[in-house]
Amino acid sequence: MAHDAPEATGPTKLVIRNIGLLLSGAMERPILDADTIVAENGKITAIGRLKDVNTEGATTIVDAHGTTVAPGLIDSHVHPVAGDWTPRQNQINWIDSFLHGGVTTMISAGEVHMPGRPRDVVGLKAMAIFAQRSFWTLRPGGVKVHAGAPVIECEMVEEDFKELAAAGVKLLGEVGLGGVKDGPTARKMVGWARKYGIQSTIHTGGPSIPGSGLIDKDVVLEADTDVVGHINGGHTALPDDQIRCICEGCKRGLELVHNGNERSALFTLRTAREMGDLSRIILGTDSPAGSGVQPLGILRMVSMLSSLGEVPAEIAFCFATGNTARMRALDCGIIEVGRSADFVIMDQAQHSPGKNILESVQLGDLPGVGMTIIDGIVRTQRSRNTPPAAKVPEIVGH
Ligand SMILES: [Zn+2]
């Protein structure tokens, strides 16, 4: 049903009022002093106190009933294939399930589970362009899936990257999942990709499945991708001394994933914090994968890093929103005028300890999702997947 999510048919004006806590997604100021957001035609137009903003002509009014509003969560590392189906664990509606976990944007790290995935240059380019087009046309539940992420092979030449960019491809899949596993070749191709505006990521750590290979610190640093994909491994991580070398040896994004080594994720977090570099931390699930498909994976990472990594919950939410948006040049992820009106509305889970949602997350619990909004349109109400929220928002007027 969610595949037929309502599209805006005319001008829209969304008002969210009675916000109890507003998380900005931006680490430099993670909590905003406001109780109302206005969004027109999918973009945020005002943030402030109800009496100070213009709510006239609203097409949808949401009473947050004192709950918490945050930017919609971004999963920086997914492996989609076609529509809302994954052959990896043979599930349908997995993207819709992630939406119920607060995820409104996903970034493909390669459509590597496509049955019969082509590895010749013409075939891999065609598949990337197809994936980019099909996920831009079909947004399961409204979720923005940035897909079309080719996995590089040794036979590629500069002209291939120029052609992919001209066709709308903006991402590379994980370097290392194809034939290119050495530093010099990876560096050359990542450079070509960057020249034409294509972002890159790399498979860091041990092999994920038979046929893939080890990518160690030397290859990661030489390849110099924009994001150090799953620095905590997917599945298995590099030794701590190599993780430290990567953190210190570059200024690229440090991606922590659910389907990796949690101890290594905490080691990376502590290293980045010592360096004053928490703005480099971004979160993904690295799913669907052998470890499964986790609709609550991003919330679970936020809670795990906040509780075991001793990071204030409002900062941990920035790892899954503003940090990723800035690193990947997305117009969502931060509550700011002009950005996409993509939100998750949450509250402390029922019977969870702590005096508010932030304390309960810092104690290791998940919040309850009460509503998701993408492009200013309500997509889901009380989540079918999270623990029930103590308070839920309500649509009170159209
Ligand atoms: Zn990987």
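Predicted model: local features only at pLDDT ≥ 70, side-chain atom pairs only at ≥ 80, totals over all residues.
Val257 stands opposite Gly284 in strand β15. Between them comes helix α7, residues 262–274, and β14, α7 and β15 together make a right-handed β-α-β unit.

Let us turn to the other neighbour of β14. Strand β13 runs parallel to β14, and 2 bridges join them. Here Val228 stands opposite Leu254 in β14. The chain crosses from β13 through α6 to β14, and this β-α-β crossover is right-handed.

How many of the 5 residues of β14 are buried? The count is 5 of the 5 across residues 253–257, so β14 is largely enclosed by the rest of the structure. In a regular strand, side chains alternate between the two faces of the sheet. In β14, Gly253, Glu255 and Val257 point one way, while Leu254 and Leu256 point the other way, and all are buried.

I come now to the metal site. Which residues coordinate the zinc ion? They are Glu174 through OE, His203 through ND1 and His230 through NE2, at 1.9 to 2.2 Å. Along the chain, these donors follow the spacing E-x28-H-x26-H. The two histidines link distant parts of the chain, 27 residues apart: His203 lies in the loop between α4 (183–195) and α5 (217–223), and His230 in the loop between β13 (227–228) and α6 (240–249).

Are these histidines buried or exposed? His203 counts as buried because its relative accessibility is 1%, under the 20% cut-off. His230, at 0% relative accessibility, likewise counts as buried.

Terms used:
Residues numbered from 1 in each chain as written. Heavy atoms only, no water. Donors = N, O, S within 2.8 Å, 3.2 Å for Na, K, Ca; no water. Helix = DSSP H or I, 4+ residues; strand = E, 2+ residues; numbered from the N terminus. Buried < 20%, exposed > 50% of the residue type's maximum accessible area, 1.4 Å probe, protein only. Pairing = 2+ DSSP bridges. Right-handed = clockwise from strand over helix to strand, strands pointing away.
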